[in-house]
Amino acid sequence: MTLIRTAHGDTWSRDRPAWSDLTAAGPFRVPAAGGRFDRHHHDCDEYWLIITGRATVTSGPRTYLVGPGDLLCTPAGEEHDIVEVHGELTGFFFEGPLRPGGRPGHLHRDPAQAAGHDVPCRPAPPGGLPSTT
């Protein structure tokens, strides 16, 4: 077993065990004020486990209202984004093995996406969780 203490500064890229086939893993946070994110895709599958907060996210053509305990599973090549938060959002992401010839990290079909965008904080939509479109 390998213990990676991300809260103490350990990072996946530096401290990952040699036997793991994950491309990347780590915590993420989008604050209620001043948050930024970028619409992107990966050459691997990605998973977000929502720890606290709520947000409206997109994955491919679908929109989801996510909250604590939700696991968003995005296949390789599918664009995804955090479009608004409903308070501070925290989560943990895992990126699966790269496809043959794949590139690590956030990939953008449009160079303008790489700059990211402001993530507004708005009240959660009425009706609560879950919702999908």
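**Strand pairing and loop contacts in a predicted model**

In β8, the residue that forms the bridge partner of Pro27 is Phe92, and this pair belongs to the antiparallel pairing of β1 with β8, which extends over 7 bridges. The model is a predicted one, in which local features require pLDDT of at least 70 and side-chain atom pairs count only at pLDDT 80 or more, whereas totals for chains, interfaces and linings use all residues. Residues are numbered from 1 along each chain as its sequence is written, and side-chain values use heavy atoms, with hydrogens and water left out. Strands (E, at least two residues) and helices (H or I, at least four) are taken as DSSP runs and numbered from the N terminus, and two strands are said to pair if DSSP finds at least two bridges between them.

The pairing of β1 with β8 is part of an open sheet of 4 strands, which follow the order β1-β8-β3-β6 with antiparallel pairing. Because β1 (24-30) and β6 stand at the edges with a single partner strand each, one side of each is left without a neighbour in the sheet. On average, neighbouring strands of this sheet are turned by 20° against each other, direction being ignored; the axes are lines fitted to C-alpha atoms (for helices over the stretch in contact), and angles between N-to-C directions run from 0 to 180 degrees. Strand β3 (residues 46-52) is joined to β6 by 4 bridges, and the two run antiparallel, with Leu49 standing opposite Leu71 in β6. In a regular strand the side chains alternate between the two faces of the sheet. Although β1 is an edge strand, 5 of its 7 residues are buried, so β1 is largely enclosed by the rest of the structure; buried here denotes under 20% relative accessible area, exposed over 50%, and partly exposed the range in between (1.4 Å probe, protein chains only).

In an unreviewed UniProt entry, the feature "domain: Cupin type-2" is placed at residues 33-83; UniProt positions are given in the numbering used here, feature names are shortened, and annotations may be inferred rather than shown by experiment. This span is 0% helix and 55% strand, and its end C-alpha atoms lie 13 Å apart.

Within the loop between β2 (35-37) and β3 lies His42, which counts as buried at 2% relative accessibility. Leaving out residues up to four places away in sequence, His42 touches Ala76, Gly77, His80, Glu95, Gly105, His106 and Leu107, where contact denotes heavy atoms within 4.5 Å. A polar atom of the His42 side chain lies 3.0 Å from the backbone oxygen of Gly105. Glu79, located in the loop between β6 (71-74) and β7, is likewise classed as buried, at 15% relative accessibility. Its side chain is joined to that of Arg39 by a polar contact of 3.2 Å and makes another with the side chain of Gln113 at 3.4 Å; a polar contact is a pair of N or O atoms within 3.5 Å, of which, within protein, one must be able to donate a hydrogen and the other to accept it, residues adjacent in sequence counting only if both atoms are side-chain atoms. Apart from neighbours within four places in sequence, the residues in contact with Glu79 include His40, His41, Thr58, Ser59, Gly60 and Arg109.

The loop between β7 and β8 holds His86, which is buried at 15% relative accessibility. The side chain of His86 reaches the backbone oxygen of Arg122 at 2.8 Å, and a polar atom of that side chain lies 3.5 Å from the backbone oxygen of Pro123. Beyond four places in sequence, His86 also touches other residues, among them Arg54, Ala55, Thr56, Leu65, Cys121, Ala124 and Pro125. Gly87, found in the loop between β7 (80-85) and β8 (89-95), touches Val30, Ala32, Arg54 and Cys121 when residues up to four places away are not counted.

The structure holds 0 disulfides, a disulfide being a pair of cysteine sulfur atoms within 2.5 Å. For Cys44, the nearest cysteine sulfur is that of Cys73, 13 Å away; this distance is too far for a bond. Cys44 is buried at 2% relative accessibility, whereas Cys73 is partly exposed, with a relative accessible area of 45%.
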